[in-house]
Amino acid sequence: MYAVMRLNSFEANKLAGSADSLKQFDEAHAAQPGYVGSIVVDLQDGRRLVLNLWDSEAHSAAALSVLGPEAARVLNPLMSKPSELIATGPVISTDLIPSARPRNRPGAIRDSGRG
């Protein structure tokens with residue numbers, strides 16, 4: 001498994017009415033081959049720490065060609081500053097419990113504002 005961690009800073013007033021936009025981006029993420037899931041932490045004041053999980057680094061890299069333009073179109077207008085890449089790398093340990101929900105299904109993803 002491979003992880004990509006970002007810090008996203010949103011305009012709080014724009015974020016409040018953005019459920020549909022965030023859902024669109026969630027669906028684009030979920031449709032990518034090798035997408036495992038995401039963890040999003042609300043840091044308050046429009047800031048969110050996002051951990052995207054992929055089957056491999058190759059899957060993560062391949063998804064950028066789709067998700068980069070989607071982020072520019074859907075997320076960037078909501079942000080107070082550009083998404084900050086914190087770190088990437090192989091996951092060496094996890095105790096996450098696998099979900100019963102099918103992977104790579106847009107309906108399985110909650111509104112999260114990931115990037």
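Student: Which residues of helix 3 are buried?
Tutor: Keeping in mind that this is a predicted model, the buried residues of helix 3 are S60, A63, L67, E70, A71, V74 and L75.

Student: And what covers them?
Tutor: The cover over the buried residues of helix 3 includes strand 1 (2-10) and helix 2 (19-30), together with strand 3 (47-54) and strand 4 (79-90).

Student: On to the largest nonpolar core, then: which residues touch the most other members?
Tutor: That core has 17 residues, and those touching the most other members are F10, L22, F25, W54, L67 and L75. Two or more residues are given to this core by each of strand 1, helix 2 and helix 3, and the largest share, five residues, comes from helix 3.

Student: Back to the helix itself, how far apart are the end C-alpha atoms of helix 3?
Tutor: Helix 3 runs over residues 57-75, and although it has 19 residues, its end C-alpha atoms are only 23 Å apart, whereas a straight helix would reach 27 Å at 1.5 Å a residue.

Student: Where is the kink in helix 3 centred?
Tutor: The kink is centred on L64, and the angle is about 45 degrees.

Student: Changing topic, how many salt bridges are there?
Tutor: The count comes to one salt bridge, in which the side chains of R73 and E70 meet at 3.0 Å, N to O.

Student: Where do R73 and E70 lie?
Tutor: Both lie in helix 3, three residues apart, which is about one turn of the helix. An α-helix has 3.6 residues a turn, so residues three or four places apart point the same way. E70 is also listed among the buried residues of helix 3.

Methods:
Residues are numbered from 1 along each chain as its sequence is written. This is a predicted model: local features need pLDDT of at least 70, side-chain atom pairs count only at pLDDT 80 or more; totals for chains, interfaces and linings use all residues. Side-chain values use heavy atoms; hydrogens and water are left out. Helices (H or I, at least four residues) and strands (E, at least two) are DSSP runs, numbered from the N terminus. The expected span of a helix is 1.5 Å times one less than its number of residues. The bend at a residue is the angle between axes fitted to the seven residues ending there and the seven starting there. Buried means under 20% relative accessible area, exposed over 50%, partly exposed in between (1.4 Å probe, protein chains only). Contact means heavy atoms within 4.5 Å. A nonpolar core is a set of buried Ala, Val, Leu, Ile, Met, Phe, Trp, Tyr and Cys residues joined through side-chain atoms within 4.5 Å. A salt bridge is a side-chain nitrogen of Lys or Arg within 4 Å of a carboxyl oxygen of Asp or Glu.
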